[in-house]
Amino acid sequence: MENSFQILVKGLVQGVGFRPFIYKVATSFSLRGTVENRNDGVKIILQGDSNSLKDFLDILNTQSPPASHITSVKVDTIQHDVFYDFRILKSRNVSDEITMVSPDIGVCNDCLTDMIVQEPRINYPFTNCTNCGPRFTIIEQLPYDRPNTTMQKFEMCSFCKNEYEDVQNRRFHAQPVACKNCGPHYTLHHEEGEINDQEDIITRMSSFLSEGKIIAVKGLGGFFLACDATNAEAVGRLRSIKKREGKPFAVMFADINAVRKYASVSISEENALRSWKRPIVLVKSKGKLAHDVSMDFPTIGAMLPYMPFHYLLFDNIEIDALVLTSGNLSDEPILIHNNVALETFLPICDAVLTYNRKIQNRVDDSLLQLVLGKEMLLRRSRGFVPAPIILDLNVDGIMAVGAELVNCFCMGKSNQAILSQHIGDLKNLETYEFFSESISRYKKLFRIEPELVVADMHPEYLSTKYAIETNLPILQVQHHHAHIVSVMAEHKLDEKVIGIAFDGVGYGDDGKIWGGEFLVCNIDSYKRETFFDYQAMPGGDQATMNPWRMAISYLYGVYGRKLLDLKLPFMKEVDPNTLEMVIQMMEKKINCPLTSSAGRLFDAVAALTGLCTRSTFHAEAPMRLESLINEDITESYAYSLKETIVLKPMIKEIVYDLQNSIPVSTISAKFHNTIIQITLEVSEKLRKKIALNKVVLSGGTFQNKYILQRMLTELAARNFEVYINEKVPCNDGGIALGQLAIAAKRKL
Ligand code: ZN
Ligand code: ZN
Ligand code: FE
């Protein structure tokens with residue numbers, strides 16, 4: 001027996017080159033012992049002098065592999081049989097706890113070099129190592145070992161096996177290790193047949209893309225549709241294939257220089273683009289791509305190559321910008337199965353590129369924007385999922401099912417919130433299946449058996465109905481309270497705050513539709529302090545799809561039927577009979593639910609100004625309104641603060657501006673400034689009344705960068721401490737985290 005140190009490391013430490021790293025460090029200090037992957041983390045036993053142990057811990061804490069993330073290191077002194085060397089032990093199931101499953105990691109520079117110099121990996125498009133490659137997309141169950149992944153059917157050749165077993169090698173225990181001789185390969189399907197030779201595939205793809213053709217390409221987490229982003233005809237055709245009228249397409253650029261050629265990028269945007277997570281980053285367009293890529297929006301959703309194949313492709317074509325949009329038709333989830341993709345895309349695209357490794361878990365590309373230099377996630381998927389968010393709360397055994405339109409669910413394991421990838425709109429049948437299937441998978445993968453389920457208060461949400469059908473004890477929470485708490489959970493705030501939720505629509509506890517709310521709340525309860533005056537939503541969901549209806553509603557609130565005399569230009573776009581019907585609906589109060597929604601208010605102003613009378617995709621109207629702001633305008637409109645926030649004076653002034661041909665860019669700026677002004681004034685009032693200094697902002701409206709940046713700056717200038725969503729989306733994709741935290745607190 002000898003005095004030994006037992007070290008338990010928790011965090012994202014599996015599948016990220018952690019054990020080989022430990023091996024290298026331990027042997028460099030002549031420490032003896034073992035390292036082992038366990039379900040609850042990585043266990044290390046060390047024998048040697050205590051100075052070496054100290055050095056070891058220093059390096060462990062400061063130089064661990066790039067994609068790893070340590071959340072805790074626990075050191076105990078134990079007695080153990082004498083070791084004569086240092087070894088990496090085989091994984092075995094140890095306890096019911098889990099360690100983190102790594103998200104997928106963009107290909108590393110060492111592997112890119114190997115693709116130039118290391119046969120049998122020269123030009124091999126599935127090259128990876130312990131520092132990079134697929135992870136979550138291929139894992140079936142824990143622990144993370146090759147037989148538990150979709151690499152199981154590929155038997156390693158002797159070359160790969162030698163690397164896999166060599167502790168000094170960068171591919172030591174790299175589960176998806178592969179080469180030309182033993183790993184997966186691509187197949188290009190086109191109308192004349194199939195191509196299997198990997199180099200021919202690249203050549204043919206290059207000529208197809210240069211000719212303006214559209215190719216469905218299998219990525220890490222699903223299929224994508226690709227075409228030359230500078231070819232107007234190709235992009236136009238892609239738009240008709242996707243049946244996606246106005247929603248911008250993401251673009252993959254050959255490298256950072258290509259990004260700079262087409263967009264203005266800040267240092268922090270470049271850093272986000274280059275990170276191993278390889279998200280789509282919203283950047284400012286220079287207007288040099290085909291118009292139909294971003295339509296009339298001034299931004300580009302940009303990303304850099306992350307699979308070896310992307311690099312091979314860009315090396316072989318003149319094109320430096322490719323549209324790479326999700327491979328789905330309208331609202332369905334992105335396709336992941338080769339046979340379905342072939343059936344769907346071969347008849348409508350020019351070719352389909354598949355490979356023969358199964359995608360186990362579907363993930364879209366993640367999307368983020370930089371706000372005052374900080375990353376703010378708008379869609380959390382590839383590269384981020386399923387890394388948990390560590391909370392200051394015990395959320396064990398709780399499952400939160402999220403909202404409906406932009407669904408994402410969340411499961412609790414001790415103090416970790418495991419958020420699902422972006423699921424989508426549950427009203428779509430295939431998406432709903434993806435939702436329920438993913439819940440089963442997460443339960444199995446992370447060994448979670450929920451004892452409590454938490455859902456939105458909305459009785460008609462399909463997620464709420466799903467939660468009821470589980471027959472588990474259920475807790476229903478208010479939508480905007482959950483939005484605010486999602487921020488509080490992220491920032492570990494457990495106190496009373498001013499919560500400002502500007503959002504689309506959410507069910508309120510008076511049965512009306514909320515969405516422009518000032519709350520005073522803590523994690524488990526809230527009080528609604530004030531809100532935007534209720535306004536009719538003629539036709540309910542019809543009003544969401546047709547912003548002109550909200551414009552008419554706001555005008556009706558001020559002018560009644562006399563609104564017709566205003567003869568505002570946008571009214572010409574509306575059928576007179578339908579317009580008359582909408583007015584009658586409001587007069588008779590038929591199918592006119594009341595809403596305080598900020599989203600609907602933005603819709604109304606976008607329609608009033610003629611920018612967007614009908615919406616072709618979610619949040620189009622507010623996006624169009626934001627895209628036109630003249631940032632030099634500092635004025636705002638009138639409003640009055642009573643028990644609620646009265647906006648009639650603003651509507652009157654907007655009408656006056658429209659009648660006096662004031663440019664829309666000015667009106668848009670004045671409107672945005674008014675919303676900011678209201679927020680500042682109400683926050684000051686609440687601070688005076690309740691002595692609170694912390695302000696939390698959440699809800700879909702805060703995807704609006706102009707509003708968010710100015711509010712952050714102005715609130716900070718008035719000495720408020722302001723918190724926003726960073727790790728989870730401020731839209732409904734982040735709501736499950738708030739639901740989970742509320743339930744954990746109320747359970748106590
Ligand atoms: Zn690598
Ligand atoms: Zn091999
Ligand atoms: Fe919402």
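On one side of helix H3, Asn 109, Ile 116 and Val 117 are exposed (over 50% relative accessible area with a 1.4 Å probe, protein chains only; buried is under 20%, partly exposed in between). This is a predicted model, in which local features need pLDDT of at least 70 and side-chain atom pairs count only at pLDDT 80 or more, while totals for chains, interfaces and linings use all residues. Residues are numbered from 1 along each chain, ligands are numbered from 1 in the order written, and side-chain values use heavy atoms, leaving out hydrogens and water.

Back to H3, which spans residues 109-117: its buried residues are Cys 111, Leu 112, Asp 114 and Met 115. Seen down the helix axis, these fall within an arc of 155°, so they line one face of H3; the arc is that of the directions from the axis to the C-beta atoms. Helix H10 (308-315) is included in what covers them (contact means heavy atoms within 4.5 Å). Helices here are DSSP runs (H or I) of at least four residues, and strands (E) of at least two, numbered from the N terminus.

Next, the metal. The iron ion (ligand 3) is held by His 479, His 483, Asp 503 and Asp 732, at 2.0 to 2.8 Å. Donors are N, O and S atoms within 2.8 Å of the metal (3.2 Å for Na, K and Ca), and with water not among the atoms, sites may look incomplete. His 479, in helix H14 (479-490), and Asp 732, in the loop between strand E32 (721-724) and helix H23 (735-747), are 253 residues apart. His 479 is buried, at 0% relative accessible area, and Asp 732 is buried too, at 10%.
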